[in-house]
Structures are given as C-alpha cells and as structure tokens.
Amino acid sequence: MSMIGEYARVTPAELDRAVRDPEWALRLVGRRMDAEAARGTPPAKARCLDVDQAWGALGFLLARAAFPVDIVHGEDAIEDAEDWGYGPPRFLTPDRVRLAAKALDQISAEDLTSGVTPEDLAGARVYPALIWERGQSLDYVRHHYARLCPFFRTAADAGDGVLIWLG
C-alpha cells in the first residue's frame with residue numbers, strides 16, 4: 001500500500017469544527033471526495049485533492065526552495081485526531097493558505113524541479129525512493145505541482161483553510 005498526499009479545503013467554520021471534532025471532519029471529507037471523484041472535479045474547483053505519491057518529492061523540492069509554508073505535511077496538529085491513513089491530519093489556517101498561494105504563484109513547476117534529477121531524489125531517499133531509483137521522470141512531480149497550485153489559489157481566494165494528511 002502506498003502513501004498518498006491528501007488535501008481538503010474547508011471554510012473557517014468547518015476548520016474550527018474539524019479541530020474540535022476530527023471524526024466529523026473525516027466524514028465530511030469522505031463525502032466530498034466521493035462526490036468529486038464521481039464528477040471528475042478539476043483542481044481549481046475541487047474541495048479535495050490528492051498528489052498521489054509525489055508528496056515526498058514536493059516536500060523535498062519545496063524545502064530546497066525555502067518555501068515559507070509546509071504545504072506537504074501541514075503546520076498545526078489536530079489534537080486527539082485518529083489516524084486518517086498514515087497518521088492524523090494537520091491543517092493550515094486561512095492566513096497560511098494565502099501565504100502559500102502567493103508563494104506558489106511565484107514558482108513554476110519547471111523552476112521547482114530545475115537542477116534536480118531522479119538520482120538526486122533517490123540519493124536523498126525521497127519517498128517513494130524506488131520510483132526515483134528506476135528513473136521516474138520529474139514530469140510526475142510537475143504534473144501534481146501544477147494541480148496543487150490552482151487548488152491553493154482557490155482556497156486562498158475563498159478564505160479557506162486546508163486539512164492535510166497522508167492516506
């Protein structure tokens with residue numbers, strides 16, 4: 001089983017409730033994910049998004065770029081939350097989402113991956129190391145980054161927070 005980077009946009013009221021009642025949040029996110037999967041909602045309109053296994057490379061590359069917000073793992077813990085797959089969810093407040101969206105607007109997918117090879121990711125043991133050892137193209141990472149940017153832009157424009165977890 002692989003670890004998938006997962007995101008859910010939530011209103012400030014939903015974020016407040018999610019922090020107080022993570023079981024409610026898990027049900028909310030599950031319903032939204034099911035509905036959007038059935039409709040094929042594009043990232044700019046989606047309430048939920050996954051970046052597949054690219055989360056590890058995204059985290060590595062964003063840290064390398066001194067990105068100001070941890071958009072891969074989240075920054076704040078949801079206390080007493082159960083495991084949503086590979087640990088409990090974390091979150092970003094609407095202010096941190098706005099900062100992240102502004103920073104994402106400044107970094108193209110090509111700039112993010114510039115000067116990095118699959119061998120570099122394999123050498124750094126970036127999850128999942130096996131695909132980098134096999135020479136997986138960084139187009140995979142660029143594809144997921146290009147989906148993540150409009151998701152965060154929409155969240156920022158709406159004043160939403162974001163729940164983040166590995167599922």
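Helix 1 (residues 12-20) lies across strand 1 (5-10), strand 4 and strand 5 in this predicted model. The direction of helix 1 is at about 120° to strand 1. Helix 2 (residues 22-39) lies across strand 1, strand 2 and strand 5, and runs at about 100° to strand 1.

**The sheet**

- Strands of a sheet pair through backbone hydrogen bonds, in either a parallel or an antiparallel manner.
- Here, 5 strands form an open sheet with antiparallel pairing, and their order is 2-1-5-4-3.
- Strand 2 (48-50) and strand 3 (76-77) stand at the edges; each has a single partner strand, so one side of each is left without a neighbour in the sheet.
- Strand 4 (residues 90-92) and strand 5 (residues 161-166) run antiparallel and are joined by 3 bridges.
- Arg90 stands opposite Ile164 in strand 5.

**Packing of helix 3 and helix 8**

- Two packed helices are described by the angle between their axes and by the distance between the axes.
- Helix 3 (residues 55-64) packs with helix 8 (residues 139-158) at an angle of about 80°, and their axes are 10 Å apart.
- Angles of 65 to 115 degrees count as roughly perpendicular, and helix 3 and helix 8 are therefore roughly perpendicular to each other.
- On the side of helix 3, Ala57, Leu58, Leu61 and Leu62 take part in the contact; they meet Val141, Tyr145 and Leu148 in helix 8.
- The residues of this contact between helix 3 and helix 8 comprise 7 nonpolar, no polar and no charged.

Technical notes:
Residues numbered from 1 in each chain as written. Predicted model: local features only at pLDDT ≥ 70, side-chain atom pairs only at ≥ 80, totals over all residues. Heavy atoms only, no water. Pairing = 2+ DSSP bridges. Helix = DSSP H or I, 4+ residues; strand = E, 2+ residues; numbered from the N terminus. Contact = heavy atoms within 4.5 Å. Axes fitted to C-alpha atoms, helices over the stretch in contact; angles between N-to-C directions. Parallel < 35°, antiparallel > 145°, perpendicular 65-115°, else oblique. Nonpolar A, V, L, I, M, F, W, Y, C, P; charged D, E, K, R; others polar.
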